[in-house]
Amino acid sequence: MSFWPVAKLTFKESVKERFFIGMLLVEVLLLFLSYYLSELAAGDSVKVGMDFALAFYFFLTALFAVMVPVSTLFRDISDKFVYLILSKPIKRESYLAGKYFGSLMALALFLFASFFIVSVGVLGISHFARLYVPHVIVVERIFLLTLSLFLMGALLSAFSTFFSILFTSQTLATVVGFLLFLSGLELASVKELALSSDYVSPFNKLLIKVLYYFFPNFSLYDLKAYAVHLQLSVSSLYFALIVLYTLLYSCAVLLISTWLFNRREL
Amino acid sequence: MAVLSVRNLQKSYKKGFLKGESVKVLKGVNLEVNREIFGFIGPNGAGKTTTIKAIMGFIFPDHGEIRVFGKLNTDVSVKRKVGFLPERPYVPLSITGKEYLDFCADVYGIPYYERRKKYLKLLELVELVGVEERKLSSYSKGMVQRLLFAATLLNEPELLILDEPMSGLDPVGRSIIASVIRKLKEEGKAVFYSSHIIQDVERLSDRVAIIVGGEIKLVDSVSSLISKFITGYTVVYRKVGESSLLSKEVNRQELWPFLEKLRKEGYEIVEVEPKSLSLEDILVSFIKGSGGTV
């Protein structure tokens, strides 16, 4: 359990940074923006407002999940705090696991606070638009979305950890992490489009298939539509599968990160 | 059994765009540290920090063996007996001093009921009592360094490895650290430290190693080393029955004939004071490649 002190310290360090409060403030500002954008919508303004609010929630979570592990790991390594940690009876793998779990704990707190902010914001949008939405059901659905965002954040944090070990530039690790997230969102659509098209060669179809199974699929976690459209449902099997997917994929990425980190000179 | 033993430690780094060029920074370093204060000195780029990084397992040597208390340095369990402070250490400034001490206490599994007493004792040692609840961002650099130094003592290490512990400290801070190092030695602990403040090394160390260009040039006790570098003597004497003192500086070869001459001429010898190179002069002579007369 030598990773636990590192996880605790990483959590404390992350939530005390200005970045943490800053992200929550941005969340609030974007909710206000969502409300004003919903006012401009010609059709179902509540759904448009909720769509915007949840999309911002989704992307801010991704940004948080990329930036926290990258910044904390890079700071440790570049400022040599890692020397103080690894001079204690802590193995490199425990250090990395501690950094990862500490970042996850910070993400959980961020999502916990965001859940309240977003729920209040979404209900506020419907209230000001003077349209009825069943509050309990909406909050339940936002809660489920929050859980799926946590899983997405867990996988994305594992990749951010990996990129922090792989690259020597913090900016590069952050950019690549976010690009991976964006491509992971679109990969499923690209695959469907390519496979159904007659213009794509069999080789390219195969390549896209390989890429689809190799790269993480972040669209699995996108339950925004479920949260907004009350007629949609998510089965518990689907949720169990994305939990399993996250666990297996994150473990694999963390194992590779550990293997690399054990060979890295500090 | 030596507390720390380094045998034939070699390390090279790849340089250049394609990493084609190899630069050898450690060329077979051999060291043995017992329960003593061992100073490790050398010019910038001599390999002091690289040696310490290799000892701590932060970098991987090309060749050689490092043992701490008889076990390989890669064995994490030996770190329970070791305290380490890097050069210009950094800690996340958003946490408080106590949170950092709590982190260290968590790592060593120190129970909560023992912590308060331990923290107080250590903070007293480095004269930081009363600031532990403050965020580290409000500490001066010297205070951070003293806090981290105190934290390295939390597990009561048998071996303390310090990379430039005095650098960046004001004279008060240096004196605090020096007195703690002396106290640790009295308790039978081993302290291995690098420094470029030669006066501190001369004052504190039992033995020193001089490293130049990745090679250990010399390992000796400070007193023996300085005596080997005696350049001459100041002889103070007077005529028997007179009170006024006379003095003359002579070199090593002239000393005995001069003393004999004084005796024959009826002079009383009051004092013979050796004139030696300082440790700093000795280091400079090694750097310049003169090598001295050891």
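## Chains A and B at a glance

In chain B, take the contacts between residues at least 6 apart in sequence: 70% of them join residues at least 24 apart. Keep in mind that this is a predicted model. Chain B has nine helices and 13 strands, and it meets chain A through a contact that draws 23 residues from chain B and 21 residues from chain A. Here's a quick tour, topic by topic.

**Chain B overall**

- Along its principal axes, the C-alpha trace of chain B spans about 75 × 55 × 35 Å.
- Of the 294 residues in chain B, 38% are buried.
- Chain B splits into domain 1, covering 4–226, and domain 2, covering 231–276.
- The centres of those two domains of chain B, taken over C-alpha atoms, sit 45 Å apart.

**Where chain B touches chain A**

- The contact uses 23 residues of chain B and 21 residues of chain A.
- On the chain B side, the elements giving two or more residues are β6 (82–85) and α2 (97–108).
- α2(B) gives the most to that side, with five residues.
- Sorted by class, the side of chain B that touches chain A has 17 nonpolar, two polar and four charged residues.

**The largest nonpolar core**

- This core holds 138 residues, and the ones touching the most other members are Ala53(A), Ile161(B), Val191(B) and Phe192(B).
- Helix α3 of chain A, residues 45–78, gives the most to the core, with 16 residues.
- What does Ala53(A) touch, leaving aside residues up to four places away in sequence? Its partners are Leu31(A), Ser34(A), Val118(A), Gly121(A), Val122(A) and Ile125(A).

**A helix pair in chain B**

- Two packed helices are described by the angle between their axes and the distance between the axes.
- For helix α4 (residues 141–152) and helix α5 (residues 171–186) of chain B, the axes come within 10 Å and cross at roughly 10 degrees.
- Angles under 35 degrees count as roughly parallel, so α4(B) and α5(B) are roughly parallel to each other.
- From α4(B), the contact is made by Gly142(B), Gln145(B), Arg146(B) and Phe149(B), while α5(B) brings Gly173(B), Ile176(B) and Ile177(B).
- By class, that contact between α4(B) and α5(B) has three nonpolar, three polar and one charged residues.

**A hardly covered helix**

- Helix α8 of chain B, residues 252–264, is hardly covered: among its 13 residues, the count of buried ones is zero.
- After α8(B) comes Gly266(B), with a positive phi near 80 degrees.

- Most residues other than glycine have a negative phi, which makes the next two residues worth a look.
- Lys80(A) has a positive phi, near 70 degrees, and lies in the loop between α3 and α4 (81–86) of chain A.
- Glu127(B) lies in the loop between α3 (112–125) and α4 of chain B, so with 14 C-beta neighbours inside 10 Å it counts as partly exposed.

Technical notes
Residues are numbered from 1 along each chain as its sequence is written. Chains are lettered from A and ligands numbered from 1 in the order in which they are written. This is a predicted model: local features need pLDDT of at least 70, side-chain atom pairs count only at pLDDT 80 or more; totals for chains, interfaces and linings use all residues. Two residues are in contact if their C-beta atoms, placed from the backbone, lie within 7 Å. Helices (H or I, at least four residues) and strands (E, at least two) are DSSP runs, numbered from the N terminus. Ala, Val, Leu, Ile, Met, Phe, Trp, Tyr, Cys and Pro count as nonpolar, Asp, Glu, Lys and Arg as charged, and the others, Gly among them, as polar. A nonpolar core is a set of buried Ala, Val, Leu, Ile, Met, Phe, Trp, Tyr and Cys residues joined through C-beta atoms within 7 Å. A residue is buried if 20 or more other C-beta atoms lie within 10 Å of its own, exposed if 12 or fewer, and partly exposed in between; C-beta atoms are placed from the backbone. Domain bounds come from an automatic or database domain assignment. Axes are lines fitted to C-alpha atoms, for helices over the stretch in contact, and angles run from 0 to 180 degrees between N-to-C directions. Angles under 35 degrees count as roughly parallel, over 145 as roughly antiparallel, 65 to 115 as roughly perpendicular and the rest as oblique.
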